[in-house]
Amino acid sequence: MRRTSREGRYAERTLVGVDDVGEEERIVLWIERRPGAVWAVGRAVNPQLRESDETRPEDVLFEGFELSDALDRANEALEDDVSVLEEDGRPADARPFTRKEVLPLLERWFFNR
């Protein structure tokens with residue numbers, strides 16, 4: 001049975017490309033809020049093939065206390081993946097992660113505790 005654990009994710013982007021043998025490959029990037037007011041940026045390849053949605057240590061690209069730093073790291077990773085897809089001739093249309101997208105969820109969490 002597949003377990004899911006997406007609580008704490010504030011934004012997510014999914015890109016679709018192909019791997020080295022021509023099979024479809026799904027890349028998921030996200031920003032999440034962890035206990036202790038820590039922001040984390042994650043990136044996973046083909047997470048749909050895993051037994052659980054639990055983040056693995058190697059999925060974490062960044063952990064820190066500043067939302068702006070998390071946004072910067074998430075957008076850098078997103079831009080890198082989009083560039084690779086475009087170089088491979090694949091369409092890649094992913095909007096950047098923004099503060100405007102994350103803040104309403106953070107405010108909802110803060111005021112509804």
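This note goes through the sheet, its loops and several residues of a predicted model.

1. Basis of the values. Because the model is predicted, local features need pLDDT of at least 70 and side-chain atom pairs count only at pLDDT 80 or more, while totals for chains, interfaces and linings use all residues. Residues are numbered from 1 along each chain as its sequence is written, and side-chain values use heavy atoms, with hydrogens and water left out.

2. The sheet as a whole. Four strands form an open sheet in the order β1-β2-β3-β4, with antiparallel pairing; helices (H or I, at least four residues) and strands (E, at least two) are DSSP runs numbered from the N terminus, and two strands pair if DSSP finds at least two bridges between them. The edge strands are β1 and β4 (60-64), each of which pairs on one side only, and the twist from one strand to the next averages 10°. Strands of a sheet pair through backbone hydrogen bonds, in either the parallel or the antiparallel sense.

3. The β1-β2 hairpin. Strand β1 (residues 9-18) pairs with strand β2 (residues 24-34) in the antiparallel sense over nine bridges, and within this pairing T14 has V28 of β2 as its bridge partner. Five residues lie between the strands of this hairpin, where G22 takes a positive phi near 90°.

4. The β2-β3 pairing and its loop. Strand β3 (residues 38-45) is joined to β2 in the antiparallel sense over eight bridges, with R33 standing opposite W39 in β3. The loop between β2 and β3 holds A37, a residue that has a positive phi of about 60° although it is not a glycine. Most residues other than glycine have a negative phi. A37 is partly exposed, because its relative accessible area is 34%; here buried means under 20% relative accessible area, exposed over 50%, and partly exposed in between (1.4 Å probe, protein chains only).

5. The loop between β3 and β4. N46 is placed in this loop and also has a positive phi, of about 55°, although it is not a glycine; N46 counts as buried, because its relative accessibility is 15%. S52 is found in the loop between β3 and β4 as well and counts as buried at 16% relative accessibility. A polar atom of the S52 side chain lies 2.8 Å from the backbone nitrogen of E54.

6. E32 in strand β2. Not counting residues up to four places away in sequence, E32 touches G8, R9, Y10, V38, W39, A40 and T55, where contact means heavy atoms within 4.5 Å.

7. R34 in strand β2. R34 is also placed in strand β2, but counts as partly exposed at 21% relative accessibility. Leaving aside neighbours within four places in sequence, R34 is in contact with A40, T55, V60 and E63, while the C-alpha atoms of R34 and R9, 25 residues apart along the chain, are separated by 8.9 Å.

8. V41 in strand β3. V41 lies in strand β3 and is buried, with a relative accessible area of 1%. V41 and I31 are ten residues apart in sequence and 4.6 Å apart in space, C-alpha to C-alpha. Beyond its neighbours within four places in sequence, V41 is in contact with residues including W30, I31, V60, L61 and F62, and also with A70, R73 and A74.

9. Helix and cavity. Helix α2 (residues 99-111) lies across β1, β2 and β3 and runs at about 140° to β1, with axes being lines fitted to C-alpha atoms, for helices over the stretch in contact, and angles running from 0 to 180 degrees between N-to-C directions. A search of the whole structure finds one cavity of 30 Å³ or more, and about 80 Å³ of space lies in the largest cavity. Ten residues line the largest cavity, and the closest to its centre are R9, W30, A44, P47 and D53. On a 1 Å grid over the protein atoms alone, a cavity is a set of points where a 1.4 Å probe fits but cannot get out, and lining residues have an atom within 4 Å of a point; grid points are joined across faces, edges and corners, and a volume is the space filled by probe spheres set on the points.

How values were computed:
On a 1 Å grid over the protein atoms alone, a cavity is a set of points where a 1.4 Å probe fits but cannot get out, and a pocket is an open set with protein on both sides within 12 Å along at least five of seven lines; lining residues have an atom within 4 Å of a point. A polar contact is a pair of N or O atoms within 3.5 Å; within protein, one must be able to donate a hydrogen and the other to accept it, and residues adjacent in sequence count only if both atoms are side-chain atoms.
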